[in-house]
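User: Please take a close look at the aromatic rings in this model. Which rings pair up, and where do they sit?

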Amino acid sequence: GELTPVAPDHTPPADFLGDGQQLDPESRLLRKLDLRIIPWIGLLYLFAYLDRVNIGNAKVMDDGQMLRDLHIDDNSFSLALSIFFLGYLVFEVPSNVALKWAQPSRWIARIMVSWGIVASCTAAVSNLAGLLAARFFLGVAEAGVFPGMILYFAYWYRAEEQAKRISLFFCAATLAGAFSGLLAAAISFMNGAGGLSSWQWIFIVEGVPTVFLGILTWWMLPNFPGTGNSTWMGRPWLTPEEDLLAASRLATHAPKSKDKAFSWPDCKRIFFGSDVTALTGTYILALIYFTFTCAFYTVGFYLPSIVHSMGTWTDWQTQLLTVPLYLIGFASSLAASSFSDRWVRDHPDPQGLSFYASRGWHCMLCYLIVLVGLSVWTSGAASWGAYVAGGLVMVGTQAFLPIFWAWAGGRFFRGGVGHSIGIAWVNSIGNLGGFTAPYFFAGAGSG
């Protein structure tokens with residue numbers, strides 16, 4: 001479980017759904033993994049992100065009817081956004097440990113059913129206290145879904161295969177942003193149906209399906225390779241040879257099904273570090289991720305408000321204008337992660353010490369794009385200038401995330417406990433950026 005740089009295995013894998021010319025056993029296995037794992041994980045994360053940020057769409061519906069119904073102002077709304085991340089922070093690490101102990105299909109199913117119920121119940125709140133309680137318990141219920149998925153990929157894919165796969169499932173969040181705008185535009189016409197406001201309907205319409213997806217996840221999500229009993233829809237989906245290959249092809253430092261779910265020595269190494277590299281690596285990664293999430297959640301929470309302030313748009317026009325920016329982010333994430341995977345394969349670094357050969361400078365470039373966008377966004381630029389700046393922030397954040405996690409998991413974490421606790425710890429500290437973003441960038445969101 002120690003956090004220390006390690007060198008990845010640079011054997012070139014087959015591309016995701018490649019050209020069909022390489023039909024060796026590993027290429028066929030990768031195709032099977034991609035078809036069984038990525039679409040379902042992507043669908044789950046799409047709904048996770050919808051239920052997390054749809055409050056931003058709800059805020060602008062019917063010209064701010066939600067704020068009037070709950071008798072809250074913008075400061076109280078910022079508090080409601082932030083409190084989600086307190087519950088998220090507390091339960092991240094325990095949730096990732098439980099994923100190994102309970103099996104991914106069961107634990108992720110539990111997460112989805114829990115958060116779907118809480119998200120749907122948000123429609124019933126009638127005051128600030130109710131909204132704060134709903135957002136806090138949404139964070140508790142959803143804790144572990146993202147780091148759990150990153151950990152899950154480490155059990156099935158090599159480090160140099162992960163950025164593109166992480167991008168493909170993370171692009172579900174980007175599509176969720178676009179889909180949220182389209183869906184919110186349609187839901188805005190439901191205002192008054194059944195005696196409910198449109199802001200209440202958005203929580204119900206996007207929350208209830210999550211519960212049913214959670215139930216299906218129990219059967220749809222394969223567990224660990226190398227166990228001989230991994231199933232899909234209740235049936236074996238790998239031959240014995242493929243199951244053995246799926247486990248044996250991973251690097252020695254990758255998490256394995258036989259690893260312990262938890263150990264105190266490994267836990268101490270992650271939090272306190274047994275050497276300078278381990279100690280600084282954990283917190284540097286967390287600091288980098290913290291500043292990233294500040295920008296990421298600013299876009300998620302405030303983009304509808306910024307678009308709304310650009311002109312005299314109707315509710316459905318406001319929601320639709322957010323869609324192009326998310327589609328741009330979708331394309332940038334796929335392009336950047338594909339480039340990063342190819343770069344790592346083409347520049348072997350056996351010692352794992354070269355910054356040039358690593359994904360570190362790819363992350364830095366994405367970071368600079370975000371900084372330029374945020375600088376313009378918060379400088380009081382004209383309406384359409386702010387819209388373009390939002391596009392730059394979207395490009396940088398969407399490209400950064402899959403590269404960052406492939407870099408962190410491939411170079412710093414060792415073993416099952418190291419991956420589960422390290423990923424969750426960095427993600428939980430980093431996601432405090434979501435707690436602070438509503439306060440740091442409320443001015444940007446207010447137009």
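Analyst: The model is predicted. A search of the whole structure finds 26 aromatic pairs. One of them joins F85 and Y88. F85 is buried, at 1% relative accessible area. Y88 is buried too, at 0%.

Now take F339 and W361. This aromatic pair is also edge-to-face, with 6.3 Å from centre to centre and 80° between the planes. Here the partners come from two helices. F339 lies in helix α13 (residues 323–346), while W361 lies in helix α14 (residues 360–377). The pair therefore ties together parts that are 22 residues apart in sequence. F339 is partly exposed, with a relative accessible area of 35%. W361 has 25%. Buried means under 20%, so W361 counts as partly exposed.

Charged side chains meet rings as well. The charged end of R36 sits over the ring of W232, at 4.3 Å from the ring centre. Another case is R110, which lies over the face of W107. The distance to that ring centre is 4.4 Å.

Methods:
Residues numbered from 1 in each chain as written. Predicted model: local features only at pLDDT ≥ 70, side-chain atom pairs only at ≥ 80, totals over all residues. Heavy atoms only, no water. Phe/Tyr/Trp six-rings, centres within 6.5 Å; stacked < 30°, edge-to-face > 60°. Buried < 20%, exposed > 50% of the residue type's maximum accessible area, 1.4 Å probe, protein only. Helix = DSSP H or I, 4+ residues; strand = E, 2+ residues; numbered from the N terminus. Lys NZ or Arg CZ within 6 Å of the ring centre and 35° of its normal.
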